[in-house]
Amino acid sequence: MSGRFVRLFLLAIMIFSMPLLIQPQGTAENSSSQENDLQYICPMHPEVKSKTPGTCPKCGMTLKRESHTHTSLSADNKRWGANYFPNVPLITQDGKTVRFYDDLLKGKLVAIDLIYTHCKDACPLETARLVQVQKMLGDRVGKDIFFYSISIDPKQDTPEVLKAYAEKFHVGPGWTFLTGKEEDIELISKKLGLYSEPDPSNRDGHTPSLMIGNEPGGQWMKNSALDNPRFLSLMIGQLMDGWKNRKVETAKNYAEVPTLAISGGQYLFATRCSACHSIGHGASVGPDLLGVTTVRSRAWLSRFLTVPDQMLTERDPIATALYKQYNQVQMPNLHLNEGEVNAILGYLATQTVSSHASTSIGGKAGDARMEPGVMMR
Ligand code: HEC
């Protein structure tokens, strides 16, 4: 019984790992001349290498066969290269026309998502998250890793609108916002597997996905754009790059990952809010939330966390003032339920209290405890 289960499990891993890591065709044909060069590596742990096939001792994934002659890869990469991706023109936030394949994908590591600037739902969080990912990847972004956000509402999202949007979110260099013809963008999103049928009743409800690709290696992988930014940056920087630069310092990065011992409210804050807010570390995209539970009434906060968009439409005076003050970036409606709102407000209140307590004994807020503002930095 359990043996059967294990077999099924391994089969499932094999099936799921195949579309994720698409090996370019052709490695099999040219293998004879490069027999000595052949080795097997773990897709999750690039440091695990073996001369023979098998599974990774760390995670149990089937080792992937690969050869050192990387130059042959791009030539063999027919399925996911120039023949697959449309070379349609797009326009950048600076008004420059670029070709999707030739200028944006060819020879690059890329992360691509679809957005529209009037979205009041998932995209603002998605963008703020990716800004964190961009910071973690440092100056590699713009050098060998490129970020693209393509608008699915090209009528409204002119280059000027996109430029203003990028500035509001403090987007750094190496990240291009793109618009273009509606049919071209639809084609791109279908080819990337990011297309979702338009739903007029729930326009903001598209699933925020991020396509990560290694064009020369022919590897493409879909992630949730709302994943932990550290995970995303590891994925982009290491896994997708594993075929090119094997010498990655995994240990250093894993050591930096803090152990998780956090409450529900803290977890929610870390995953849904910290991309735009800190507690006691100053304003970023949104205001610093230290002390907010003492400044605003509980009723106002509960309602604001539940339906911030509605409060703005109703011209709630505080919501309107905040919207103006924060560069007209809207606090997104994150569809939190009552329990989640209570958990977050409870957490914000304890952070405020403990910061008073620790400042009075001379410490800084959140020094010793696991603080999402720090963790997700
Ligand atoms: C995409 C960025 C973004 C995310 C994600 C986000 N916020 Fe905000 N938030 C803002 C902005 C911008 C403002 C100020 C402008 C406005 O209110 O529209 C704001 C305002 C607020 C305010 C009002 C602050 C005050 O001074 O009264 C609270 C409270 C708040 N957010 C809490 C949260 C919580 C809790 C979460 C997570 C569940 C969250 N926000 C997620 C951007 C964001």
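Helix α4 is followed by G138, whose phi is positive, near 60°. The model is predicted, and its chain holds 15 helices and 10 strands.

**Helix α4**
- α4 has 16 residues and spans 23 Å from its first C-alpha to its last, close to the 22 Å expected at 1.5 Å a residue.
- The helix is mostly covered, with 15 of its 16 residues buried.

**The open sheet**
- An open sheet is formed by 7 strands with mixed pairing, and their order is β5-β4-β8-β7-β6-β9-β10.
- Its edge strands, each pairing on one side only, are β5 (97-99) and β10 (219-224).
- From one strand to the next, the twist averages 30°.
- Strands β6 (residues 109-115) and β9 (residues 209-214) run antiparallel and are joined by 5 bridges.
- The bridge partner of I112 in β9 is M211.

**The largest nonpolar core**
- This core has 60 residues, and those with the most contacts inside it are F147, Y148, I150 and I236.
- α4 gives the most to the core, contributing 9 residues.
- The core lies between domain 2 (89-256) and domain 3 (264-375), because both domains give residues to it.
- Not counting residues up to four places away in sequence, I236 touches L109, A111, V133, L137, I145 and I212.

**Helix α9**
- α9 covers residues 264-273 and is mostly covered, since 7 of its 10 residues are buried.
- The buried residues of α9 are G265, Q266, L268, F269, A270, R272 and C273.

**The chain as a whole**
- Of the 377 residues in the chain, 32% are buried.
- Among contacts with a separation of 6 or more, 66% are between residues 24 or more positions apart.

Key:
Residues are numbered from 1 along each chain as its sequence is written. This is a predicted model: local features need pLDDT of at least 70, side-chain atom pairs count only at pLDDT 80 or more; totals for chains, interfaces and linings use all residues. Two strands pair if DSSP finds at least two bridges between them. Helices (H or I, at least four residues) and strands (E, at least two) are DSSP runs, numbered from the N terminus. Axes are lines fitted to C-alpha atoms, for helices over the stretch in contact, and angles run from 0 to 180 degrees between N-to-C directions. A residue is buried if 20 or more other C-beta atoms lie within 10 Å of its own, exposed if 12 or fewer, and partly exposed in between; C-beta atoms are placed from the backbone. Two residues are in contact if their C-beta atoms, placed from the backbone, lie within 7 Å. A nonpolar core is a set of buried Ala, Val, Leu, Ile, Met, Phe, Trp, Tyr and Cys residues joined through C-beta atoms within 7 Å. Domain bounds come from an automatic or database domain assignment. The expected span of a helix is 1.5 Å times one less than its number of residues.
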